[in-house]
Amino acid sequence: MPKVLLPEFIDPCGPDYLKSHGWEIVYAKSREKEDILEKISDCDAIIVRVSKITKEIMQAAPSLKVIAKHGVGYDNIDIEAARALGIPVTIVPNGNSLSVAEHTVALMMACAKNMPAMANGYRESGYDVKNRLECTELSGKTLGLIGYGRIGSMVAKICRSGFDMHVIAYDPFTKGTPEGVEIVDNCDDIFRRSDYISLHSPLTDETRHSIGQREFKLMKNSATIINCSRGAIIDEQALIEALLNGEIGGAGLDVSDPEPAQSSNPMFNMENVILTPHNAASTTEALKRMSMGAALAVDAVYSGELVDCRII
């Protein structure tokens, strides 16, 4: 009977599927390296959310046949080590795209309407808070997208069709010109022209801290940056300084660097910042899709089937 290790909670539908197909489910005490190492030695597969899967962990599991990511972003997996060791890695391409797109737009709306600060101010200082804080409309504003994949294209559709926003996008891998979206050749155009900038790029060596002091100085001082991708794409200290200096208008962030954000992070005390705990993909529907998608991938790869969701 093959074994699959779960170092983190996933929706029961995936494990139930694997059990019904002859798999034994092994649970680690936590997602920490030591707890994974304690359980992985005789496992044939592992399903991971945010656990760091290092070369050391892979080498400790000689029977490991597949690493299944519960989601899309796989920067927590040492891909080069997996490739060198011949261990397939899979993702769930469409599992959380809609949920992340909705969360992105929710952050944009909440920032535009100053919702957290307005609600907190109403509770703490009373009705007149509405005369102290400004709110704006999304309609007619320019949205700049950095990355125009599954999530970015969904955000564009919602904002263009729902709010009549002008959408511009930068993505060197986009082919053609999507209907209703202006593709720009220079990322600087996004920063100079946009009222809202939303990030939808993967975290790579090239994108790590690719948005910093220079980019914030290009932005309008009223512009808001939204990040539901990976925290390390932004130089967080540069972002904090830009916010404190009034170089940009605000930020809506579902990710941070480091993550989780430290309680001492000054952005927790800024009225023009909304910081959520990387929960954009954690809707009931998306968690089910990702759990089942990862389980299907584990079973298929172990059985020798060819699957589209395999990245190596």
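Q: Where does S99 sit, in terms of secondary structure?
A: In this predicted model, S99 is placed in helix α5, the element that covers residues 97-112.

Q: Is S99 buried or exposed?
A: S99 counts as buried, because its relative accessibility is 6% and the cut-off for buried is under 20% relative accessible area.

Q: And which residues is S99 in contact with, if I skip its neighbours within four places in sequence?
A: With those neighbours left aside, the contacts of S99 are A280, A281, T283, A286 and R289.

Q: What joins the side chains of S99 and T283?
A: The two side chains are joined by a polar contact, for which the computed distance is 2.6 Å.

Q: OK, where is T283 then?
A: T283 is found in a loop, namely the one that runs between strand β12, residues 273-275, and helix α11, residues 284-302.

Q: How does T283 come out on accessibility, and why?
A: T283 is classed as partly exposed because its relative accessible area is 24%, a value that falls between the limits of 20% for buried and 50% for exposed.

Q: Which backbone nitrogen lies 3.1 Å from a polar atom of the T283 side chain?
A: That is the backbone nitrogen of A286, and A286 is also one of the residues in contact with S99.

Q: Switching to C187, how far is it from T283?
A: The C-alpha atoms of T283 and C187 are 31 Å apart in space, while in sequence the two residues are separated by 96 residues.

Q: Let's zoom out: how many helices and strands are there in the chain?
A: The chain has eleven helices and twelve strands.

Q: What radius of gyration does the chain have, and how does it sit against a compact globule?
A: The chain has 21 Å, which agrees with a compact globule, because for 312 residues such a globule would have a radius of gyration near 20 Å. Along its principal axes, the C-alpha trace spans about 65 × 50 × 30 Å.

Q: How much of the chain is buried?
A: Buried residues account for 50% of the 312 residues. As for the accessible surface, the total is about 15200 Å², and carbon and sulfur atoms supply 50% of that area.

Q: What share of the contacts is between residues 24 or more positions apart?
A: Such pairs make up 61%, counted among the contacts in the chain with a separation of 6 or more.

Q: Last one, on charges: how far apart are the mean positions of the positive and negative ones?
A: The chain carries 31 positive and 42 negative charges, and their mean positions are 2 Å apart.

Notes
Residues numbered from 1 in each chain as written. Predicted model: local features only at pLDDT ≥ 70, side-chain atom pairs only at ≥ 80, totals over all residues. Heavy atoms only, no water. Helix = DSSP H or I, 4+ residues; strand = E, 2+ residues; numbered from the N terminus. Rg over C-alpha atoms; globule rule 2.2 N^0.38 Å. Buried < 20%, exposed > 50% of the residue type's maximum accessible area, 1.4 Å probe, protein only. Contact = heavy atoms within 4.5 Å. Areas by Shrake-Rupley, 256 points an atom, 1.4 Å probe, with all protein chains shown as cover. Lys, Arg positive; Asp, Glu negative; His and termini not counted. Charge placed at Lys NZ, Arg CZ, Asp CG, Glu CD. Polar contact = N/O pair within 3.5 Å; in protein donor to acceptor, adjacent residues only side chain to side chain.
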